[in-house]
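Me: I would like to learn how to read helix packing and aromatic pairs in a model. Please take me through one.

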Amino acid sequence: MRRFGRTLVTAALAVTLVGGTAGWASGDSQTAVTGPPPGTDAWRADTVSGRSLPDPATTAPREVAAFFAGLDDAARHRLLRSHPLVVGNLEGAPLPLRYEANRIAVAATGEARYASLAAPGRQILAFDPRGRGQVVEVFGDLERAEHVSVIVPGSDNDAAGYDTRRKPATGPAGMARSLREATGAESGTGSGSGSGGSLAVVAWIGYTTPVGVGLDAADGRLARAGAARLARFTAGLDAVGAPDPVLFCHSYGSVVCGLAARHTDAADIVVFGSPGMRADTAAALRTGARVWAARGPSDWIADVPNVEFAGIGHGVDPTSAAFGARRVPAADVEGHTGYFVPGTQSLAAFATIAKGAAR
């Protein structure tokens, strides 16, 4: 009975916190962008050499890969020019084709907020202008990488703002660049298994993130939508021959990763600044991946009650002994977003995990 009473008290505290009365910022309710991209109806109505095109909503990424493998370059580029938003977001389509398609799609919006995404040298693997916008960007050579890491961020990230100026190594793009540099990939050092030079990092803003820390950040609605998209994204990586990824999941992104875990082929899942993964234990995630967790001493996420009650809250603290994740050292991390800052214990550990060298 006393345990039940404590649960009720903690749940009430959680509701109070997410209501913004205990120092949290309020957030606007977001509508999750789901389903295939704009232009899908025209794509479905099209054919190539008399063959129907793979349905973006239902065709498995491996089948998409097989479809494109059967086309010549002329047919591929005809589809790219006619349907850039679909090709650019089609899991299983060839990577260079998607990069080219998304350059066209970004430019076609005519919106200044997206202009930087079309800059020379950027490798945009997915782009969806609906809502606040979603974007997936590759850092490194994903076609030839021996190791792949995926950054799954939390609140306040979208296509327009994910790479804006902020403290170094704190936003998704900054985290990706910092991780590659920490492994030696940026300087091209090393070769063979465990080499930083063979690492590609993906900044994945492929879902609608919460804005602020309000009710959207406290429940699982947006995370469930994001988990389905993350699972399909990792299936797409597998379809084009990429190695099993390491998922680095920050804050609300760790909720997404927790819900997606059993549906991905991730080699490792690393959560940091996590409010919970909607699972009581690492084993309950039902994944073959190794699960790691980090939390810095000044991270405000420690003040969030680790409960799940009536859909509010995300459950057990992944850094707790009861959860059973492997601990990542983070004693020198400052704040909620400092885990990829150069020189930190956490970044050094992350780099080791990313290179497949952790034991």
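**Aromatic rings and helix packing**

Reply: Phe-272 has 0% relative accessibility and therefore counts as buried (under 20% relative accessible area with a 1.4 Å probe, protein chains only; exposed is over 50%, partly exposed in between). The model is predicted: local features need pLDDT of at least 70 and side-chain atom pairs pLDDT 80 or more, while totals for chains, interfaces and linings use all residues. Residues are numbered from 1 along each chain as its sequence is written, and side-chain values use heavy atoms, without hydrogens and water.

Me: How is the pair of Phe-272 and Phe-350 described?

Reply: A pair of aromatic rings is described by the distance of the centres and the angle of the planes. The structure holds 10 aromatic pairs (ring centres within 6.5 Å, using the six-membered ring of Trp; planes under 30 degrees apart are stacked, over 60 edge-to-face, the rest tilted). Phe-272 and Phe-350 form a tilted one, at 5.3 Å between centres and 50 degrees between planes. Phe-350, at 0% relative accessibility, is buried too.

Me: Which residues form one aromatic cluster?

Reply: Phe-248, Phe-272, Tyr-339, Phe-340 and Phe-350.

Me: How do the axes of H4 and H6 lie?

Reply: Two packed helices are described by the angle and the distance between their axes. H4 (residues 73-82) and H6 (residues 95-109) have axes that come within 9 Å and cross at roughly 30 degrees. The two helices are therefore roughly parallel (under 35 degrees; over 145 is roughly antiparallel, 65 to 115 roughly perpendicular, the rest oblique).

Key:
Axes are lines fitted to C-alpha atoms, for helices over the stretch in contact, and angles run from 0 to 180 degrees between N-to-C directions. Helices (H or I, at least four residues) and strands (E, at least two) are DSSP runs, numbered from the N terminus.
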